[in-house]
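I opened my notebook to look up how the pieces of this structure sit together. My notes follow in the order I took them.

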Amino acid sequence: MITTVREERLLVVSDVHLGNPLYRARRPFLEFLDFAADRNVSVCINGDGVDVIQTTAGRLTCDLAACSSRFASLSQKGLRVYYVVGNHDAVLEHFLADWGPLRVVPFLNVLSGEKRIRIEHGHLYDALYVRSPRLYVAVTVLGGLALRIHPRVFRALTQLNRPLTALGNFGKGLFRKNKSLPACPIPGERIAFLESAGEIAKRGFDAIILGHTHHAGEADLGDGCRYFNTGYWLEAPQYVEIDHGAMRLKPVFGEDNAALSGTWSRARGSWARMRRVIV
Amino acid sequence: MSGIFDREESFVDGEIIVREGDISREMFILQRGSVVVTKNVDGREVTLAVLGRGSFFGEMSLLESLPRNATVRACGDTRVLILEPGSLLLKIRRDPTFAFEMLQHMSQRIRDLDERLVALLGQRPAAAADERRSRVVLSSTSEHTDGESPVHSPGAGV
């Protein structure tokens, strides 16, 4: 297993959750893969690219079949598709590895220009997942139920989580020994993830890219090291572009520097269409 | 970014970080710059490896409580993270993929040494010489005390 690679140009996305009936990420994700192929850039899917907890077998098969041809065409052009395993797809690790075009790894160290970049999904730094994996899966399944009721219910739960996280970060900040780490600048992001990224960065990394938390943003870890989180594909998907060591967090849709024209809300489709998929 | 059980230290070009035969137990992770690993063989200095950013060395002295097996010199301005004895498990607890990378490097080193052993046995068909050589190689395998990145130089130990 090769976990250290040199890639001068790489696009990193995370938490696409293919297979999840309500994410509707298949079409925009396929367009994103076409975008990468057009520009001759390799792609890294940083965990939870496939969702086996909140999905149906039919939907998963449909989504994977559509992606398969895109992955193959990227490979034919000599580009690589790296797949970093996350918590929603951990059980599929060997299946994905045997699938062919994907290079499945537990994490990826990328050398680009003079920079050394760590790409990792980040579920190992989620205290709930590490201490009580079963409870975590139960909560995830409940989240799936909320999604099935309506995406707004799921979003409301996510919004509810933000002030709780902010309160937790504030409390933790009072007793934090490492005062050099700045307050968390990413709304909703738990400070524990930045601390873990800081611990990894001590091993000579210039940037750490995580996913998992669904909170896209970037932060300074001190000593010139940057932290990125690529968010998720339920709303406003973002990706990190690595170009000869330079790194930028960009929206997939809608803005001047976006990868694809059009808007995410149109790409995502209406609730009525989603409902037809479920029923 | 130093913690309670680890510290960062800088070295200038040519400065010795670890000296062969020293009794010290720290482990080092290269944050910046590079190092040259050398060993004294029959009175002459042999370069075993050049290690780059992210590589580590000194872990075998930490794990086995044996004297240093080689000398490590800074190559250019170099900064290392030093893990004190007793802090390795804490580091692994806080940064679990570090353990994976350590095992990966050690596995690669064993594979490399196996290949060298096979090549050596192939070159020397005489049974007596084979036996003597393999004893030497196996002995040196067990004495290796440090690691390195496979990107730079697989199979060399400190």
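How are H1(A) and H2(A) oriented to each other: roughly parallel or roughly antiparallel? I noted first that the model is predicted, with local features needing pLDDT of at least 70, side-chain atom pairs counting only at pLDDT 80 or more, and totals for chains, interfaces and linings using all residues. Residues are numbered from 1 along each chain as its sequence is written, chains are lettered from A and ligands numbered from 1 in the order written, and side-chain values use heavy atoms, without hydrogens and water.

**Helix pair.** I looked up helix H1 (residues 26-38) and helix H2 (residues 57-76) of chain A; they pack at about 5°, axes 10 Å apart. H1(A) and H2(A) are therefore roughly parallel (angles under 35 degrees count as such). The contact (heavy atoms within 4.5 Å) includes Phe29(A) and Leu33(A) of H1(A), and Ala66(A) and Phe71(A) of H2(A). By class, I found 10 nonpolar, no polar and 4 charged residues there.

**Sheet.** I then traced an open sheet of 6 strands in chain A, in the order S5-S4-S3-S2-S11-S12, with mixed pairing. S5 (102-105) and S12 (246-251) of chain A stand at the edges with a single partner strand each, so one side of each lacks a neighbour in the sheet. The twist averages 20° from one strand to the next.

**Inside the sheet.** S2 (residues 9-13) and S11 (residues 238-243) of chain A pair in the antiparallel sense over 4 bridges (pairing takes at least two DSSP bridges). Leu11(A) has Glu241(A) in S11(A) as its bridge partner.

**Helix on sheet.** H1(A) packs on the sheet, touching S2, S3 (42-46) and S11 of chain A. The direction of H1(A) makes about 170° with that of S2(A).

Conventions:
Axes fitted to C-alpha atoms, helices over the stretch in contact; angles between N-to-C directions. Helix = DSSP H or I, 4+ residues; strand = E, 2+ residues; numbered from the N terminus. Parallel < 35°, antiparallel > 145°, perpendicular 65-115°, else oblique. Nonpolar A, V, L, I, M, F, W, Y, C, P; charged D, E, K, R; others polar.
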